[in-house]
Amino acid sequence: MSNLKNIREQLFFGSLILVVITLSLSKYSLNTQSIIVCAFFWLLYGSFQEKFQNLKRNFLPFLLTSSLFWISLIGLLYTENMGEGLKNFQKQLPFLVFPLIFFSVEITGKTKLILLKYFSFGVVVSATFALLKASYFKLNNFGDYFYYDKLGQLLDIHTTYFAMYVLIALLYFANFISRKTLKKRVAYGLCIVFLLWFLYLLSVRVSIVALIVSGMLLIYGNRKAITSKTLFLLIGGVLLIVLFYFTPNFQKRFNAKTPEGIAISDVDTRTAHWKSALEVIEKNNILFGAGTGDGHTILYDQYLKNGFETGYIYQYNAHNQFLETALYYGLLGLALLITLILFVIRKCYLNENYLAAAILITQVVFMITESTLESQSGIVPFAYVTAILASGSLSDKIRIK
């Protein structure tokens, strides 16, 4: 019986690792299948009575971290486009699955670090495979795939999301490099240099902002261990990162044009997105939004009315997760999203988990310019991170550091 229990435990925690590893792989189906496998082994792990008691004891935090799932379910009741609503509702399932898992079983701080470690090395492996494919195409005269959208094709994932994964991995390696043996410090240092170079190839502008903000938070969390020499190197690194933006690769990334061939800046396109979204929010039910299936119904027409034909033709989303949530679920949904973020940040602060806070802040920064919770690539890491961080006790002194 003891051996069976150990096997079930190993399978369950192995499935948790599988979820984070497959997140950065090129096929969404692998990650979806991994989540299903994880849910299955969760059912076999431990007793249902113990899981129920844990959920009962943490009911309010569980309800908050799963709130985006519940509000999408409620949004089906008043949506007009039920077909689209069911598709969007299905995408919100991770907001139920991960809170159920992490609030019903005990996940130690050590296990959390192991999960983050596997995710980070998984990102390095995925980026390496992408560069190997790009090199193969280059050597065989199939084209240059070493920058932004072309590199995204090899990853089979939007470059914005992969840039977010790269940043999270960078935070992990940077946080632990000084705590390792010389051999591991060299390995972690090489991973940092490689990921910074890959981030440059991805050329996602918001990633520079996120890296500076989260990096400063990480530096503050480790301020007592930072020497003057290290601080000088960090400041130099930040300045180098800022200079990335002015390089040709980054500038070429933002030379967009309208369907008529008129040049339009990235700032102008974001302004057009946000202006139209705010106007639609005012037209919808301000409290409950348009519903799970109708968030974009009026938005595309508003793009056309405002002369943003590119947004209408390609049916762009709001490119801001907070506006996106308000479109679908009104001020109620927006309040739940903000409350969830603040709740987790507060727990990180109380436990002095600056690495955990930096990881969450990274995702929040990306939410400002991208509708990250419109895709599984953004939903899964956010649901995973908020659930695993919120499920720890406020008195838990096992810190993610």
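Q: A cavity is a set of points where a 1.4 Å probe fits but cannot get out, and its lining residues have an atom within 4 Å of a point; in this predicted model, which helix gives the most to the lining of the second largest cavity?
A: The second largest cavity holds about 130 Å³ of space, and its lining consists of Leu 68, Asn 88, Lys 91, Gln 92, Gln 321, Glu 324, Thr 325, Tyr 328, Tyr 329, Leu 373 and Glu 374. Two or more of these residues come from each of helix H6 (82–91) and helix H18 (321–350). The helix that gives the most, with five residues, is H18.

Q: How many residues in the lining of the largest cavity are charged?
A: The largest cavity, with about 290 Å³ of space, is lined by 18 residues, among which Leu 116, Ile 359, Tyr 384, Val 385 and Ile 388 lie nearest its centre. H20 gives the most to this lining, with six residues. By class the lining has 17 nonpolar residues and no polar ones, and the number of charged residues is one.

Q: Is H8 oblique or roughly perpendicular to H10?
A: Helix H8 (residues 109–139) and helix H10 (residues 159–176) pack with their axes 9 Å apart and at an angle of about 125°. Roughly perpendicular covers 65 to 115 degrees and roughly antiparallel requires over 145, so the relation of H8 to H10 is oblique.

Q: How many residues of the contact of H8 with H10 are nonpolar?
A: H8 passes H10 in a left-handed crossing, and the contact includes Leu 113, Phe 119 and Val 123 of H8 as well as Tyr 165, Ile 168 and Phe 173 of H10. Two of the contact residues are polar and one is charged, while the number of nonpolar residues is 15.

Note on methods: Residues numbered from 1 in each chain as written. Predicted model: local features only at pLDDT ≥ 70, side-chain atom pairs only at ≥ 80, totals over all residues. Heavy atoms only, no water. Axes fitted to C-alpha atoms, helices over the stretch in contact; angles between N-to-C directions. Helix = DSSP H or I, 4+ residues; strand = E, 2+ residues; numbered from the N terminus. Parallel < 35°, antiparallel > 145°, perpendicular 65-115°, else oblique. Left-handed = near helix turned anticlockwise from the far one by under 90°. Contact = heavy atoms within 4.5 Å. Nonpolar A, V, L, I, M, F, W, Y, C, P; charged D, E, K, R; others polar. 1 Å grid on protein atoms, 1.4 Å probe; cavity = no way out; pocket = protein on both sides within 12 Å on 5 of 7 lines; lining within 4 Å. Points joined across faces, edges and corners; volume = space filled by probe spheres on them.
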